Amino acid sequence: MNNRPFILKGNITINSNKEYIIGTVIINQKVDEDKSKYVLVLDKEHKDLFEKGYEGYIFTNWLPDNCKEIDYVTELFGIETLINYDVIEFNDDYVKVLYRDDSTDNFIQVTNQCNSNCIMCPDAEEVRNTRQKISINRLLRIIDCIPNDTEHICITGGEPGMIKYDLIKVLKKCKDCLPETQFLLLSNGRIFSDHDFTEEFVKNIPYNIRIGIPLYSDIAKEHDAITQATGSFEQTITGLNNLLKHNLDIEIRVVVMKKNYQKLSSISNFICNNLNKVNHVNFMALEMTGSAYKNKENVWVNFNESTIDLYNASTTLIKEGIDVNLYNFPICKIDKRLYSLAQMSISDYKVRYLDKCNNCIVKEKCGGFFPSTMNIQNSEEEKCTN
Ligand code: SF4
């Protein structure tokens, strides 16, 4: 699946006056249910399956007669990479894959905007400040098209709270359409300092949802210096407490960077003393793109420099009964006693390994590196211990 592109292009012709066509892919076969949810992909050998009523069509190097009044795309490269039940969008002059049916890494990005400006954000500030119009109807349509046996969906931004009550509409739709799916909502948590919003949010969220919220320090001034948003610590802590009152499944995410790695134990103690109803704490290694790369001098810390602090902070939480995971850490870059906490968390299309990893006995269990992190680590490489 690593080779499946998110964007398909070609010398393509699109016949549609609509802003977008979003549908579930079905290839060379009929569907028995409502066809308006589907985009039918047809090759010439299956042209007898052509019938009207689908949301859209992809014709592989052929066109049926009298197709002017339907929405279609043709002359598209990479068509063979689509599989049944992917969700795609025709847009201008390309086809985007919005959901990949063979992936466990699917996400719905509800906005690119954010009300914080974290120094280690893997997105560039320009990306977050370029206003993309992601309409609520488009989001609801995507959810409609995702197969209801999908195991996991991440809802993310930017900051999802930026779309305010539309976020609740998105979550309500998820609850109604995908009752068996496990959701992870990634938010900076500031929106939940609004009590009324939180009450409405709780009433409408899917049953299986975890909310992941970052905390970068136990001291307001230090956390706010990292988010570059005054008052963000206070809002996040108030938000966390508002959510915890409802016994929701909360995960605190601590990104380990130069500005906080020596404070990991203080952060753990703060969580144990003030937020001990959280179920999980994940320590996250950096992805050195976007703002993180731009602010490299203040952000980058070698894996070996944070090893002891990471171990102490993890054991403090574990003793308190809090589940701890390490995300984005290659196994050989952490204390051996924490090996079982390391998760294969980097998306399949991003993960990279070093040449020497080919001889490593734990490669099958190792989550590897982000490409950007590997480049920086390579230049300061330490000896792998495996
Ligand atoms: S050598 Fe490579 S595969 Fe092995 S633990 Fe290190 S990063 Fe992972």
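Asp218 is buried in this predicted model. Its relative accessible area is 19%, and the cut-off for buried is under 20%. The residue forms a salt bridge with Lys263. The closest N and O atoms are 3.0 Å apart. Asp218 sits in the loop between strand 12 and helix 5 (220-227). Lys263 sits in the loop between strand 13 and helix 7 (264-274). The pair therefore ties together parts that are 45 residues apart in sequence.

The side chains of Arg210 and Glu251 meet at 3.1 Å, N to O. Arg210 lies in strand 12 (residues 209-214), and Glu251 lies in strand 13 (residues 249-255). This pair, too, ties together separate parts, because its partners come from stretches 41 residues apart in sequence. Glu251 is buried, with a relative accessible area of 1%. Arg210 and Glu251 also belong to a network.

Asp166 is partly exposed at 26% relative accessibility. Lys169 is partly exposed at 46%. The count of salt bridges in the model comes to 20.

Now turn to the nonpolar interior. In soluble globular proteins, nonpolar side chains tend to be buried together. The largest nonpolar core here has 93 residues. Which of its members touch the most others? They are Met120, Phe201, Ile271, Leu275 and Phe283. The core draws on both domain 1 (7-97) and domain 2 (107-379), with at least three residues from each. Phe201 shows how contacts reach along the sequence. Leaving aside neighbours within four places in sequence, Phe201 is in contact with Ile168, Leu171, Leu185, Phe192, Ile211, Leu243 and Leu248.

Strand 4 (residues 38-42) comes next. It is mostly covered: five of its five residues are buried. In a regular strand the side chains alternate between the two faces of the sheet. Tyr38, Leu40 and Leu42 point one way from strand 4. Val39 and Val41 point the other way. Residues on both sides are buried.

What does strand 4 pair with? One partner is strand 3, in the parallel sense over four bridges. In that pairing, Thr24 stands opposite Tyr38. Another partner is strand 5 (residues 56-59), again in the parallel sense and over four bridges. Here Val39 stands opposite Gly56.

Asn17 lies in the loop between strand 2 (13-15) and strand 3 (21-27). Asn17 is exposed, because its relative accessible area is 83% and the cut-off for exposed is over 50%. Asn17 and Asp71 are 54 residues apart in sequence. In space they are 8.1 Å apart, C-alpha to C-alpha.

Conventions
Residues numbered from 1 in each chain as written. Predicted model: local features only at pLDDT ≥ 70, side-chain atom pairs only at ≥ 80, totals over all residues. Heavy atoms only, no water. Core = buried A, V, L, I, M, F, W, Y, C linked by side-chain atoms within 4.5 Å. Buried < 20%, exposed > 50% of the residue type's maximum accessible area, 1.4 Å probe, protein only. Domains from an automatic or database assignment. Contact = heavy atoms within 4.5 Å. Helix = DSSP H or I, 4+ residues; strand = E, 2+ residues; numbered from the N terminus. Pairing = 2+ DSSP bridges. Salt bridge = Lys/Arg side-chain N within 4 Å of Asp/Glu carboxyl O.
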